[in-house]
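Reader: I am new to this structure and would like to learn how to read its features one at a time. Could you take me through them slowly?

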Amino acid sequence: MASYGYENSTEINHYEVRPDTWIYLFEYKGKKYILVATDYFGDYDFDVFPHLLKFESDRLEFVLQREIPVKDGPSREKASGTLLFEYTD
């Protein structure tokens, strides 16, 4: 989360949604964030917002509001394999 500028965020929960793919739920200043961490993003399509992200195994649903960019160039390598979104549930 530090790579995105959210060092003081609080982790709410995390779930393994596929082998080598995890989602982490965070809260920061009253807003909710989901960090997707995976080895391969080829199976995911996040181009259209708002986008419903649904995981059948746990019946979790999130509506992605916007993608959060990495805060600066040096942080880009640390954030490799992750995407951060603001979401509503």
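Author: Let us begin with ring pairs: rings of Phe, Tyr and Trp (its six-membered ring) pair if their centres lie within 6.5 Å, and planes under 30 degrees apart count as stacked, over 60 as edge-to-face and the rest as tilted. By this rule the count comes to 3 aromatic pairs. Please keep in mind that this is a predicted model, in which local features need pLDDT of at least 70 and side-chain atom pairs count only at pLDDT 80 or more, while totals for chains, interfaces and linings use all residues. Residues are numbered from 1 along each chain as its sequence is written, and side-chain values use heavy atoms, with hydrogens and water left out.

Reader: How is the aromatic pair of Tyr6 and Tyr28 arranged?

Author: A pair of aromatic rings is described by the distance of the centres and the angle of the planes. For Tyr6 and Tyr28 the values are 5.0 Å centre to centre and 90 degrees between the planes, an edge-to-face pair. Strands (E, at least two residues) and helices (H or I, at least four) are DSSP runs, numbered from the N terminus; Tyr6 lies in the segment before strand E1 (10–18) and Tyr28 in strand E2 (residues 21–28), so the pair links distant parts of the chain, 22 residues apart.

Reader: Which other ring pairs with Tyr6?

Author: Tyr33 forms a tilted pair with Tyr6, at 4.8 Å centre to centre and 40 degrees between the planes. Tyr33 belongs to strand E3 (residues 31–38), 27 residues apart from Tyr6.

Reader: Is Tyr33 buried or exposed?

Author: Buried means under 20% relative accessible area, exposed over 50%, and partly exposed in between (1.4 Å probe, protein chains only). Tyr33 counts as buried because its relative accessibility is 3%, and Tyr6 is buried too, with a relative accessible area of 12%.

Reader: Where does Asp20 lie, and what should I notice about its phi?

Author: Most residues other than glycine have a negative phi. Asp20, in the loop between E1 and E2, has a positive phi near 65 degrees, and Asp20 is exposed, with a relative accessible area of 52%.

Reader: What is the phi of Lys29, and where is Lys29 placed?

Author: Lys29 has a positive phi of about 50 degrees although it is not a glycine. The loop between E2 and E3 holds Lys29, which counts as exposed because its relative accessible area is 71%.
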